[in-house]
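Below is a briefing on one protein chain, arranged by topic. Each term is given with its cut-offs where it comes up.

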Amino acid sequence: MKRLISAMMALCLLFACLETLAQAAETYPFTGYVTMDKVYFRSGPSTQSASYGQLSRGTSVRVTGEKGGFYAVTYQSRSGYILKSLVTRNFIPPVGDGTAYICKDKVYFRKTASPDSASFCQLDQGTKVTVTGETGNYYAVKYGKDAGYIRKDCISFTKDMTAAAANPAPAANGRRTGYISQPNVYFRKTPSANGEYWGQLALGTQVTVTGESGNYYSVTYNGKNGYIRKDCLSFTKVTPAAAAPTAYARRTGYISQPNVYFRKTPSANGEYWGQLALGTQVTVTGETGNYYNVTYGGKNGYIRKDCLSFVKVTAAAAPTMTAFARRTGYICQPDVNFRQSPSPESGAHCQLPLGTQVTVTGEIGNYYCVTWGGLNGYIRKDCISFAKVTPGAPTATAFITRTGYISQPNVYFRKTPSAGDYWTQLALGTQVTVTGETGNYYIVIWGGLNGFIRKDCISFAQVTPAVVTPTPTQYVARDGYICKDSVNFRQMPSPESAAHCQLAMGTKVTVIGETEDYYKVTWGGLTGYIRKDCLSFAKVTPGPVVTATPKPTATPYGIQDGYISQDNVYFRKTPSAGDYWMQLPLGTKVTVTGQNGNYYSVTYSGLNGYIRKDCLSFTKVTPRPTQSPAPAPTEYGPRIAYVSQVNVYFRKAASTDSDYYCQLALGTQVTVIGETGRFYQVQYDGKIGFIMQNCLSFTKVTPKPTQSPTPVPTEYAPKTGYISQESVYFRKEASQESDYYAQLAQGTQVTVVGETGNFYKVYYSGYTGYIRKDCLSFNPVTPKASVTTPPPATTYVTENLDWFSKGKGLFASGDTIQVKDCKTGYVWTCRVMYGSNHLDVEPLTAADTAAMISAYGGNITYVRRPVLVKYNGHVYAGSIYGVPHGDQTIIDNNFDGQFCIHFTGSKTHGTDRVDPDHQAAIQEAMNYTW
């Protein structure tokens, strides 16, 4: 009996030891794999927690810990939880037993997971292999007797997914239609899981695929260009399983919170028609999940149930802001939304981590009014504490300063411990100083800057970056020529690498070696890489775009001190108008080490870069007194004012470059509480912001009476009509204020199908619209000779327009002008927005944008181009800077913003200086005629 008891005790002890060993073996973090399809990725460690979406079998996640029966995991930069029983450490292929197929031709079967590794051989498309694991961008595979690595984008787990199937033949324009194949997929700005993103796209969303980059497709959606992971996109139409709405008798409902999204789909990730104000009356027709189906303003959509009441809500009952003395508060919950307005439906500036210090200035309803990082916004009251909150992560004093090394290529060195703004990207192997940690980030110092690096991107063992070298067949330097338009001249032989610049077709370079897919070349004093298919050793005739070749000159002097001589000067990474490290204020001291064309090469804060010569002085410059962060407005007693122009921007800061809350209609009443520079500081709809002084009046402004919805036209049998006046507007609505499709010439034939008020309803060139009755005749009209016979080319003399003496008051907002590119002859029409230091315009239609892009050779760049501007019977020499930026008023022209036209003596907005490159282009334009 004693032996039996002893044996049982020994067995229990053994089990206890095994359990202890098992627990000890559970070290974090590690890479785990989802073991089944449709596994919920939840926001908390509970089956009752909200789901971010479902993950498919074989999806890899980063396991950082555990809680209850759940693993804490990170997937696509989002933290959440998955049941432990559904995650394993062992690699699981997405489908089947790991059998896979080569989906591209001549794929390298490498000995290590590196593009620089030696290879066993090259495998043909369709070759069968067995996938046994993964590392970075490579799968570990077995083929024959050998075990090695193959790039993930060269592997398919479907037998018939050859290269042709994985990449269907593009249409004539090179574009293909794709569909989001998983719920809530990130639409990223860069082809990287660490990058920022535009938003999340719902299952079944249709996008346009324009190319690919590594594991990502480059796509266009809703006017934006970005990237979608390949495994999240299908070229077969995907229909999401929609929740069936429950319909019932119509009821009247009222919006019960401020600024509620009226969505097109019952989803927080969907598009929306607009935002509805507190108290707005809608018609409820049914419900779908957490949303009511509603009708408002002739549109059908969805409102969240907690944002709608069936008891009448009076807009005046909206909570008003109670201001009090500024207090310091601390975020007391993780990842709290810093909202733009006091509503759970409001967009967020960003998310603030636990412990973030903010300034509380008042309260409104369930929200505190706060300022943080120069932004004004709102935080829910239960997410702020007035006692200091220490985040759960160790502080910087938790360990002694250590040296770390970047362990992945192109890692973001961020300004905050979140996927927000960043200083720069650091290369593999870069040495940094680690001073602490916070959450999933290390606190680091690099180049004199303090910031944050994700923990999985730092190693405390030295990392030697892979050195790209030419193939053993090194050869004597030879001339090559760019054979495609706008080719990236990259810093490294990789599609993920940053580019020095883009080179135009026909540009001559010197080829000094090669790697697998790239030639190593020198151009303009720079060494980099060009894709082999973009370079020819036979001379190529360049296209119409002429690209200057800056040649660096030798350093004519020793190292010396220089001083920034203008406000907010770009400290650039290359001697061109490309990417930049930061902006330097007036008077900043830098170290000048040489020169390169129009740029000085300088060192500042441990970084090497370039400053334009006209922005730097070798005599000490005294900076103007700095104002933090913007000029303090002069405050005075509240005054009532009225918006005196149409669609005026109500901005968040006193700058035309600032973001804005909304546009205010003519006659809108606001309260002026101060002024700063050219702006009044105003209160409107519970918000404090800024409006330009020339857009406000202290005398009441009565807006033009708005027309009720266009009356139903009287329809009748189609009949032929003729335009009876010159250049008549063919409008989209029966209103003198309506936008228009085009201007029709005298004598143009149209089909009249009805009438409404003072307008005929007409059909012309595939469009239905409206023509004023007094501009149309039912008898044939012979156009005047001036309409059909263009004036001879010698009619126009190219004039040199001095901007500040004659040009600034010449153009009126809303005028149309014609722009002709001197180099190519392309002509397009623009609408004038405004003009202060120069003229700001936007292409009138999508066709005009296409003509402008064609003038740039298919890719708009920062290059200044000489143009002619035709306006009111005159032709003026000008220069354009084509990259879209700033505000826009035309939303259907495929141009995301405005562009600048410079004339003689005009200045830039940012630096308030005359741009010599624009002036040179203007002088060149003087040699051309219309």
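**Helix H5 and its cover**

The buried residues of helix H5 (residues 846-855) are Asp-848, Thr-849, Ala-851, Met-852 and Ala-855. Seen down the helix axis, these buried residues of H5 fall within an arc of 160 degrees, so they line one face of the helix; the arc is that of the directions from the helix axis to the C-beta atoms. Buried means under 20% relative accessible area, exposed means over 50%, and partly exposed lies in between (1.4 Å probe, protein chains only).

This is a predicted model: local features need pLDDT of at least 70, side-chain atom pairs count only at pLDDT 80 or more, and totals for chains, interfaces and linings use all residues. Residues are numbered from 1 along each chain as its sequence is written, and side-chain values use heavy atoms, with hydrogens and water left out.

- The cover over the buried residues of H5 includes strand S72 (816-821), strand S73 (827-835), strand S74 (839-843), strand S75 (864-871), S76 and strand S77 (898-902). Contact here means heavy atoms within 4.5 Å.
- Thr-845 caps the N-terminal end of H5, with a side-chain oxygen 3.3 Å from the backbone nitrogen of Ala-847.
- After H5 comes Gly-857, whose phi is positive, near 80 degrees.

**Whole chain**

- The chain has 6 helices and 77 strands. Helices (H or I, at least four residues) and strands (E, at least two) are DSSP runs, numbered from the N terminus.
- Of the 930 residues of the chain, 41% count as buried.
- Among the contacts in the chain with a separation of 6 or more, 57% are between residues 24 or more positions apart.

**Ser-879 in strand S76**

- Ser-879 is found in strand S76 (residues 874-885), and it counts as buried because its relative accessibility is 0%.
- The side chains of Ser-879 and His-918 are joined by a polar contact of 2.7 Å. A polar contact is a pair of N or O atoms within 3.5 Å; within protein, one must be able to donate a hydrogen and the other to accept it, and residues adjacent in sequence count only if both atoms are side-chain atoms.
- Not counting residues up to four places away in sequence, Ser-879 touches Arg-864, Arg-865, Val-867, Cys-900, Ile-901, His-902, His-918, Ala-921 and Ile-922.

**Pairing of strand S50**

- Strand S50 (residues 560-564) and strand S53 (residues 589-596) pair in the antiparallel sense over 4 bridges. Two strands pair if DSSP finds at least two bridges between them.
- Gln-560 stands opposite Val-592 in S53.
- S50 also pairs with strand S56 (residues 616-617), in the antiparallel sense over 2 bridges. The bridge partner of Ile-564 in S56 is Leu-616.

**Salt bridges**

- A search of the whole structure finds 23 salt bridges. A salt bridge is a side-chain nitrogen of Lys or Arg within 4 Å of a carboxyl oxygen of Asp or Glu.
- Lys-84 forms a salt bridge with Glu-66, the closest N and O atoms being 2.7 Å apart. Lys-84 lies in the loop between strand S6 (78-83) and strand S7 (87-88) and Glu-66 in strand S4 (residues 60-67), so this pair ties together parts that are 18 residues apart in sequence. Lys-84 is partly exposed at 25% relative accessible area, and Glu-66 is partly exposed at 39%.
- In the salt bridge of Arg-531 with Asp-533, the closest N and O atoms are 2.7 Å apart. Arg-531 is partly exposed, at 38%, and Asp-533 is partly exposed, at 39%.
- Asp-915 and Arg-612 meet through their side chains in a salt bridge (3.9 Å, N to O). This pair links distant parts of the chain, 303 residues apart: Asp-915 is in the loop between S77 and helix H6 (916-925), and Arg-612 is in strand S55 (residues 607-612). Asp-915 is buried at 0% relative accessible area, and Arg-612 is buried at 13%.
- A network of salt bridges links Lys-104, Arg-151, Asp-153, Glu-212 and Lys-230.

**Cysteines**

- The count of disulfides comes to 0, a disulfide being a pair of cysteine sulfur atoms within 2.5 Å.
- The closest cysteine sulfur to that of Cys-103 is in Cys-154, 6.2 Å away, which is too far for a bond. Cys-103 counts as buried, at 5% relative accessibility.
- Cys-332 is in no disulfide, and the nearest cysteine sulfur, that of Cys-383, is 6.1 Å away. Cys-332 counts as partly exposed, at 28% relative accessibility.
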